[in-house]
Amino acid sequence: MKFIHPLLVVSLFFIYSCSQPSEKESESSENTEESEINSDVDSQTESQEKGKLKLYPANLDQEFPNAQLAMKSPASSNLEEGVQRFEFEVSNYELAVQTAMNSEKHCANSEKGQHIHFILNNAPYRAEYEPQFDAELTTGNNVVLAFLSRSYHASIKNGKAFVFKNFFIGDNQFKFDEKAAHLFYSRPKGTYEGKDTERILVDFFLINTALSENGNKVRLTINEEVFLISNWEAYFVEGLAKGKHTFRIELLNSEGELIEGPFNDSGLREIELK
């Protein structure tokens with residue numbers, strides 16, 4: 001039997017031990033790689049760039065968790081078509097005042113202050129600075145969505161700061177399903193000038209649904225660029241040139257298909273930057 005010197009055995013063991021990562025080192029390396037991957041994913045979720053456009057969360061300062069909106073009238077669902085008086089009760093929120101830090105957002109801001117976004121049948125919203133106002137209802141479904149808005153037009157999304165109701169007029173039985181999943185377009189809207197053109201707020205409102213990486217999503221199309229959104233929050237878009245631009249939002253299921261509903265595809269909404 002061939003003799004192996006003990007010093008040689010010790011040397012070989014030492015070399016092998018040094019060449020192999022320890023269990024902790026290996027675990028640390030895997031964690032580092034995983035951390036880098038998650039960082040990339042989070043980065044892509046936080047900010048998306050398509051062409052010359054950049055979309056990213058607005059990261060609003062004030063959430064107003066106690067703000068509430070309730071409808072006092074019309075109290076009856078048996079209404080006739082024509083002008084109706086709408087009256088709301090606002091709690092823990094003040095209309096017609098400026099939202100704190102509004103100038104820090106560097107986006108379009110209403111000089112009249114905080115308000116109610118009143119949307120009837122998914123038409124462009126009306127900004128109401130008083131809790132009482134008139135609106136005209138017609139025969140058929142009259143789907144009303146009203147929610148509290150900051151002075152720079154970002155909606156309050158605390159689950160209590162909105163009213164959602166359908167006033168059905170007539171004998172037609174094809175009533176709107178209030179319990180289904182619905183998406184409503186809010187911003188952007190209208191004409192932007194000066195510094196307001198540099199940063200455009202994108203906002204929408206969800207009813208009876210949530211968004212997630214593996215669930216429902218919102219597809220936002222700005223001109224020809226498409227963004228997928230998996231978090232319900234307000235966003236900013238930068239990079240729009242002066243002129244007219246189209247925005248479109250759609251509510252998709254986990255398979256990327258449009259969820260059935262009369263308002264889940266906003267159609268094209270046009271704004272202008274001057």
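This is a predicted model: local features need pLDDT of at least 70, side-chain atom pairs count only at pLDDT 80 or more; totals for chains, interfaces and linings use all residues.
The protein comprises 2 helices and 17 strands. Of its 274 residues, 41% count as buried.

Strands of a sheet pair through backbone hydrogen bonds, in either a parallel or an antiparallel way. Within this sheet, 3 bridges connect β12 (residues 200-207) with β15 (residues 235-238), and these two strands run antiparallel. Valine 202 stands opposite tyrosine 235 of β15.

The C-alpha atom of proline 57 is 7.2 Å from that of serine 47, although the two residues are 10 apart along the chain. Proline 57 has a relative accessible area of 6%, so it counts as buried.

Two residues with charged ends sit over aromatic rings. The charged end of lysine 54 is over the ring of tyrosine 56, at 5.5 Å from its centre. For arginine 199 the ring is that of phenylalanine 236, and the distance from the centre is 4.0 Å.

A further set of pairings involves strand β4. Strand β3 (residues 68-73) is joined to β4 (residues 82-91) by 5 bridges, and the two run antiparallel. Here glutamine 68 stands opposite serine 91 of β4. β4 is also joined to β7 (residues 132-137), by 6 bridges and again in antiparallel fashion. Arginine 85 has aspartate 134 in β7 as its bridge partner.

How many aromatic pairs does the structure hold? There are 14 of them. In one of these, the rings of phenylalanine 86 and phenylalanine 167 have centres 5.9 Å apart and planes at 85°; the angle is over 60 degrees, so the pair is edge-to-face. Phenylalanine 86 lies in β4, whereas phenylalanine 167 lies in the loop between β9 (162-166) and β10, so the pair ties together parts 81 residues apart in sequence. Phenylalanine 86 counts as buried because its relative accessibility is 0%. Phenylalanine 167 also has 0% relative accessibility and therefore counts as buried.

Another pair brings together phenylalanine 162 and phenylalanine 205. Their ring centres are 5.5 Å apart and their planes are at 55°, so this pair is tilted. Phenylalanine 162 is in β9 and phenylalanine 205 in β12, so the pair ties together parts 43 residues apart in sequence. Are the two residues buried or partly exposed? Phenylalanine 162 has a relative accessible area of 26% and is therefore partly exposed, while phenylalanine 205, at 2%, is buried. One aromatic cluster is formed by Phe86, Phe88, Phe118, Phe133 and Phe167.

In soluble globular proteins, nonpolar side chains tend to be buried together. The largest nonpolar core here has 26 residues, of which Val218, Leu220, Val237 and Phe247 touch the most other members. At least two residues of this core come from each of β2, β10, β12, β13 (217-222), β14 (225-229), β15, β16 (243-252) and β17 (269-273). β12 supplies the largest share, 4 residues. Not counting residues up to four places away in sequence, valine 218 touches Leu183, Phe204, Leu206, Leu211, Phe227, Leu228, Ile229, Ile249, Glu250 and Leu251. Another core, of 22 residues, lies apart from this largest one; among its members are Phe86, Tyr93, Leu95 and Leu120.

Methods
Residues are numbered from 1 along each chain as its sequence is written. Side-chain values use heavy atoms; hydrogens and water are left out. Two strands pair if DSSP finds at least two bridges between them. Buried means under 20% relative accessible area, exposed over 50%, partly exposed in between (1.4 Å probe, protein chains only). Rings of Phe, Tyr and Trp (its six-membered ring) pair if their centres lie within 6.5 Å; planes under 30 degrees apart count as stacked, over 60 as edge-to-face and the rest as tilted. A charge sits over a ring if NZ of Lys or CZ of Arg is within 6 Å of the ring centre and within 35 degrees of the ring normal. A nonpolar core is a set of buried Ala, Val, Leu, Ile, Met, Phe, Trp, Tyr and Cys residues joined through side-chain atoms within 4.5 Å. Contact means heavy atoms within 4.5 Å.
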